[in-house]
Each structure stands twice: as C-alpha cells, then as structure tokens.
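Dear colleague,

Please find the structure below. My notes on it follow.

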Amino acid sequence: MKSMARIRNRLAAMSSVDYLPERVSMLYRLSGTDVPIILVAAAITAFAMWGFIDVSLIVIWFVWLGLASAVRYTMARVYRRRKPAADDAAQWENYFCLASAMVGAGWGLALMLIGHTPTSLQELTVTFLISSVAMGLPPSLAPSPKAFTSFILPILAPMVAMLLTFGGGINTSTALLMLVFATVLLGLYLSNHYALIETLAYGHENTLLLKKLQVAEKSLTSALAEQRLIFDTAAVGIAFVSQGVVVKCNQRFAGIFGYAVHEIADRPTSVWHASGDDFTQPGSGAYERFSRGENYSAELLLRKKDGTPIWVFTDSRAIDAARPQDGIIIGIGDITERKLAEAALQQTKERLDLAMQSSAISIWEWDARRGTLYLDAALAQMTGEEPRERYIKLEEFAPMVHPDEIDALRQAQADCISGLRPIYRLEHRLKTASGDWVWVLSRGRVVERADDGRALRMTGTNVDITQRKRAEAELLTALQREKELSEMKSKFVSIASHELRTPLATILSSSELLEHYSDSLSAEDRLKMLHGIQGGVKRMNAMIEDVLIIGKAEAGALQFDPKPVDLRDLCSKVVEELRGGVAKGHVIRFEQQFEHGSLNLDEKLLRHILTNLLSNAAKYSPVGSTISLLLAERDGQALIEVGDQGIGIPAEDQARMFESFHRASNVGNRQGTGLGLVIAKKAVELHGGSISIDSKVDAGTRFSVLLPLIATAAS
C-alpha cells in the first residue's frame, strides 16, 4: 500500500506544475553541460564495439549524437541569452519538448530507413546498447516529464516495432527486453524527478526561510539600532541596575547626576543618597512593590557628583518579580526646576494668602460650565468660620446675603454677565457664623466667554469694609449729632435770648424805677418790684441750672447718689411747694396707693422729675384746672403718674419731646426752654426706670414714670 501510494505521488509529481520556472531553467542548463560526457561515452562504446557490429550503424549513431548535441547546445545558448521571465516557463518547456521529440524521432527513423536487419545476437545487443547510450541523454531531462516523454517515445517506438516486425524469438525477446529496460529507465526517471521536486521544495523552503531570516535579521538590526538610538537619545535617564549596582545607562542618566557614562558604570545606587536612611527607606518600599510585579514611582531628593541636591522623578520595574534584585530598569527625570518653581509658587501663595488675610480680601470665582461658585478660605475667616476653601452652588450662596441686598446683588451680577456692565461692583452684607452681619465690597468681571458671547467664567474679590461702614455710621451719627447740636445751639440761643431778655427786662425796669422813683412809690409797689427782680433772677437761675444739668448728663457727669428716701413724703413736699408757686392757680390732687417705706433713690433727681412734670402740667393747663399725681405700685415697680387737662401734645411732636430745646408746636407764647422733660428723662434713666407719654391735643397729657423698687437695708 505504501509503495502504491509512493508511485501515485511520483506520478502526480510528473504532472505537477510546481516550481516550473526553476525546473525549466535547470532543463536548459543541463542541456549544455551533459554533451561532452555523452560524446566521450559514445566514443568509448564505439571503439569497444568496432568489428562486432556494422560500421554504418556506428556512423549513423555518431551523426545522430552530433546533431542532437548541437540542437540541445544551441537551445541552451538561446535560453541563456533571452533570459525569459518566470511567466514564460511553460512556453519554453514546450519548445524543449518539441526539439526533443524531433531528435528522438530522427534516431528511430534513421534505423528504419537504412533497413538494417539484425542477423545475430551480438548485433541485436550492440543495437540495444547503442540505443541505451542514446538513452543516456534522459537523466538531463529529469526536470521536465514532458521533455523526457517527448524524447524517449520516438526512439523506443520504431525500434520495438522493427524488432517485432522482423519476428523470431531473438527479435521478440530483444523487443520485450527493451520494453523492460524502458520501464526500469522510467522508474529511475521518476525517482530522479521526485528527488528533484523535493530538492526544489526544500530549496524553495530554504529560500523563504532565508528571506524571512534576512527580514527578521534586518528588523532585529533595525530594532536594535532604533532601541539603541532611543536609549542613547532619550529625554529621560534610563539605567539597568543589578544587585544595587549600575550595569548600563544612557548619557542622559549619567548627565543628570553629573557623571560621564563610563564613570557611572559599576557604581552602587546608594552614592546618590545623602545618607543611608535616605537610601534604605525608599529602597525597601520599592522592592516590596517589585516583588508584586508592580512599578515603583516616586519623587526623591538625591545628590549629584559634586554634592549638589537634585530632585528626580523615578519610575522603575523589576525584570523578574521573583528575583527583583537581579535586574531593575530605572527611568528618571530631572524635576529640580519644577520643584523649585513649586516651592516658589507655594511661597508666593503663602505671601498672597497672608497679604489677603491681613488686608481682609477674599477671592471668588464662578464657573458656568460646572455651575459652581468657588470661595476661598479668607471669606470663611471673614465670616467667623473655620478657614477652608469651598465650591458651592449659587443657590447655596443666596442665604448668606442679607435679604435687603440679595435682589440688588443678583441684578448687578446679571448685568455684568450679560455685558451691560463691564465690571460688577456692589456693597452688601454677609451673614457670619454667629448670626451677625459683615459688610463686604464685592467686585468682579467676566474673564472668559464662549464663541456665542455666553459668560463661562467670572472672577472677583470680596473686601471686608465693616470697619469702614462702622466708621461711616459713626460719622453719620456724629454729623447727625453735630446737626442736632447746631440746631440745639440755635434753639438755645433763641430760647435763651427770649427767656433771659424777659426777666432781664423786668429786672432792669424794676431797678430803674426803684432808682428814680423810689421816694414816690408806696411800700407795696416797691415790694412788688423787688419780688419781680427776685422772680427774674430765680427764673434765670433755674434756666442756667437746667442747662448745666443737661451738660452734665451729656458729658456723663450727672451723678446718681441713691439714699434712703420716703417716696410718699417726697411727693407730698413737692406738691405743697408747687401749690404755693407755679401751680397756685391750679388744683393738685395727690393720690397714693403705695405701701412701701424708704427706698434707695436719689432725692435730688426725683425732685427734678416731679418738679418738671408738675410745673409743665400747670404751665400748659388752664387756670383752675385739676392736675393729678398718682403714686402706686405696678408689676413690682413704683409708678409716678402726672396728668393734666391742658392743651395736649400733637402726635408729630411726641417722638421728639425728650430732645433738648424741643417744644411742641402748639405752646404759643408760653415760657419754657424745652429742657424740663429732657432732665426728667435723664433722671429716670439714671434710676434704671422708664418714662412714657399719652397725650391728645386739647384733651390733656399723662406722663407715666416707672422706677425699680430698691429697698434699704433697714426696711
């Protein structure tokens, strides 16, 4: 079975067109090289057979060999000159087959034409041998089955036909013998051809392998050259380290540390660290990561050859995680400038933060793409919170702004964002952690817009202006106070000129009358004039005393000297004094519902309270009307209530009745300085009490004074 399969494979190889260009090229090349050998073999055969066979047969045979060799040699020369392309191989094979068929047919026809009839076994044998020598040409036809067939068939067919035609046992046996020989020769040819095909296949495979090897070698050479170029010209330092020693590195690696490449070889990596601890600490962490098959990346402070410190970024990996110390690839980059820049930037930031903290300035930034508002730590510190940077939404910022200013803030921001205003500027209040408010001056502008004009980013500052606002408020208060003092001065001058001129005129006229007409005046008239002078002096003295009391109160020099006082007794005394004085034309009804004894009160200040309230009631009430004085206890306090049936106080004047020199608009020509109620209020406040007004025009007025009950130790 195996032999049959082998035969089928060889027969299939004969009809195969595999490697046809190579086989045709070999066919023409062998056609030229075997001619000398064939001629030599033919000459030796002819010499050996001379005298045993017919001379004409030998001559024909030599003529035929010469012609056949010339044809084959010529064809080989033509092929070598033409050098046809591989695509023309089939055509040139056909040319060779045609020439072979003509040469083979020429020998067969020559034997038939001479009509030579073999008469002995020797001639038959010599004829057969001559044919066999002629068949020596087929080994050169091994590359082409078609050429072999085209050459052999024209030779064998005539000879076998001729022998069979002559008949006889010898001729028939010789014919059969030649057929057997032809079969053996065919088998040998098949073996040669199959071996040639396998040789060509191996050669083709070797050629392909050689080409692949050449390509691979070229690629490897190129890759190695490229790798070497990358290694030598890399912008980062690269080194191979084994057992803590640099085995190989590029120029950049050596240059970072200030070495030449040959100087750094075989040096331990520890020489770049300032101390053993600086080397051991990162080294232990690195080998731990190497053993897990991970990269080790770090920023390290190392030193150069001359001892200069240098910052490097290193990224390294072990070749074998199981044995990391055997081989490590290290890549480093010099980041000293970046580190110095970062340090300088940090110092600048710290200085800026310090400057902004000391100047109470904070920075904010609004990003429309993220919808966030950045607030720095200075603003948190400004509002009394823990200093921290924050990113919040705009709606989260609204509750921090005072409700009275939130609409103005939104409008100002919207105008700036839309481009109506180039700069956003607004003073508003922010809520502090304690619930108070701090004033800030907020400024900003749009620093980035989209192609369609939409605002993308807006930045600005917040400046703490609380002190300025407080100073402005104090200044406004001072200006208001100055204005009030100016008005008070004007009122004082007006009132003083009026209140002083009247008693002075009385005093002057009375004194002149006494001087010039004293003898002609009765004792009663002189007494009346003297009383008028005394009354004017008392009136001026009272006004001056009131002014002095107000001055002391404004300067904080009005003394509060509490002592044991019987409030009921004091009220009775004041009422009796006024009944004989300013209130002698009025009825004073004193009602008391007070059961307490002595209290710690300032009698002098209490007199001011009672005298001013009761004298005002008499002054602004019609003669004969009733003035009420109530002393009672209300809610744990002493109540002093003075009421009258006078002209009353207009509602628009009631809020200013306790201002110095202010008088109601309906007082007319009634005398007064506008200081009595002010003095009364000051006296009440020094006692820790309160005073209030309930009045209607033409219906009377009621003043209510509440004083705390502070009992004496004796009571």
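Is Phe-257 buried or exposed? Phe-257 counts as buried because its relative accessible area is 1%; buried means under 20%, exposed over 50% and partly exposed in between, with a 1.4 Å probe and protein chains only.

The model is predicted, so local features need pLDDT of at least 70 and side-chain atom pairs count only at pLDDT 80 or more, while totals for chains, interfaces and linings use all residues. Residues are numbered from 1 along each chain as its sequence is written, and side-chain values use heavy atoms, leaving out hydrogens and water.

Phe-257 sits in the loop between helix 9 (251-256) and helix 10 (261-264). Helices (H or I, at least four residues) and strands (E, at least two) are DSSP runs, numbered from the N terminus. Setting aside residues up to four places away in sequence, Phe-257 touches Trp-272, Leu-302, Arg-303, Lys-304, Lys-305 and Ile-332; contact means heavy atoms within 4.5 Å. Between Phe-257 and Ile-310, 53 residues apart in sequence, the C-alpha to C-alpha distance is 8.2 Å.

Gly-333 belongs to strand 5 (residues 328-334) and is likewise buried, with a relative accessible area of 17%. Beyond its neighbours within four places in sequence, Gly-333 is in contact with Ile-256, Trp-311, Val-312 and Phe-313. Gly-333 and Val-312 are 21 residues apart along the chain, and their C-alpha atoms are separated by 5.4 Å.

Trp-50, by contrast, counts as exposed, at 55% relative accessibility. Trp-50 is placed in the loop between helix 3 (35-49) and helix 4 (55-82).

Yours sincerely
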